[in-house]
Amino acid sequence: MPHATEPVFQHIQVKQLAPTFGAEVTGIDFSKPVEPEVFKEIHDAITEYGVLVFRRAALDDARHVAFSRLFGELDDVKPYLGLGRQNRFPFDELFDVSNLEDDGSLVQVGSKRDHVSKGNSLFHVDSAFNPRRAGYSLLRAHELPPPGYGGNTDFADTRTAYDELPPDLKAKLSEMDYVGANSLWHSRKKACPDSEFLRDMDPEAYPFGRHRILQLHEPSGRTNLYIANHLHHLEYLDGTRVAEPEGTELIETLLNHASQPKYLLSVDWREPGDLICWDNTAVMHRAGEFKGMGKYKRDMRRTTVHDGSSSAWGLNDHTLERMGLP
Ligand code: OGA
Ligand code: MN
């Protein structure tokens, strides 16, 4: 595909994981602050590969947050605490992506948290539903289930998926310049349509995060298909909605196209300390099937870096509200 030649590295070793994207990176000592010249290579690598896997990175919570700050300004969990959640961690910048309740006990199968967390099993990009979307996410395994219970994290290469769209669809997207209206509630309902906890939830009662479907990925100069299962409907640039069922059919066509096996990379979590960093403006991700729910701890912790590109806010007002929460 016509993109920049692969970068050359002096401080890190990079092994590509899938034909078009993803790489495992070695050679970094995470027990001390990462030096600027090393970070520059990490940044070049994530620009090229979209997903970076660091095995046994040995970061603790504080160093995880400190390393993440090198990528940009960090999002925090404060608005979500208003929903009655408590943070298990002493850092507001650490998102709890575990299968644990706030008191550290296992989330029970069939509970509200179980139903709500199923949204992560659909391909998505983090924070597309917020006024300011996420750029990078850094997910770290603190405690893992025994092997054999699944729980991989899967990725889809949405830049290559764009490159390889059928020419007529590519031309239509470029001509219409659709805007996607993203909702976290929508993806949760889509993943768990029969949930009694989500049945009465109306995504329309909350603000949508509006972002264009076709995006320039500024660091690489490539075009990205900025899609996710958060997409509730499509709009034209003047704000009118694309008629149904056309809008939803187009959303599903794009999601199905980008989730073909040739665009996917599935990463297994092997040991505590494993860290995966991805660029939400270049790839989608999902939690793969996990067979140990209610049985084994899967204690995953994530930092979320606000997008620093010129399309970070999409068509949204510049407010700090997230999902309509102050
Ligand atoms: C996330 C996420 C998937 C997983 O942390 O944003 O979607 O495998 N995680 O836990
Ligand atoms: Mn996610």
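This is a predicted model: local features need pLDDT of at least 70, side-chain atom pairs count only at pLDDT 80 or more; totals for chains, interfaces and linings use all residues.
Residues are numbered from 1 along each chain as its sequence is written, while chains are lettered from A and ligands numbered from 1 in the order written. Local features need pLDDT of at least 70, side-chain atom pairs count only at pLDDT 80 or more, and totals for chains, interfaces and linings use all residues; side-chain values use heavy atoms, leaving out hydrogens and water.

**Exercise 1.** Find which residues coordinate the manganese ion (ligand 2).

*Solution.* Start with the donors, meaning N, O and S atoms within 2.8 Å of the metal (3.2 Å for Na, K and Ca); water is not among the atoms, so sites may look incomplete. His124 (NE2), Asp126 (OD) and His285 (NE2) coordinate the ion at 2.1 to 2.2 Å. Next, read their spacing in sequence: H-x1-D-x158-H. Finally, check accessibility: Asp126 and His285 are both buried (under 20% relative accessible area; exposed is over 50%, partly exposed in between; 1.4 Å probe, protein chains only).

**Exercise 2.** Work out how far apart the N and O atoms of Glu204 and Arg241 are.

*Solution.* Apply the salt-bridge rule: a side-chain nitrogen of Lys or Arg within 4 Å of a carboxyl oxygen of Asp or Glu. Glu204 and Arg241 meet it at 2.8 Å, N to O. Then turn to accessibility: Glu204 is partly exposed at 39%, and Arg241 is partly exposed at 42%.

**Exercise 3.** Count the salt bridges, then examine the one between Glu73 and Arg132.

*Solution.* The count comes to 26. To finish, Arg132 is buried, with 18% relative accessibility.
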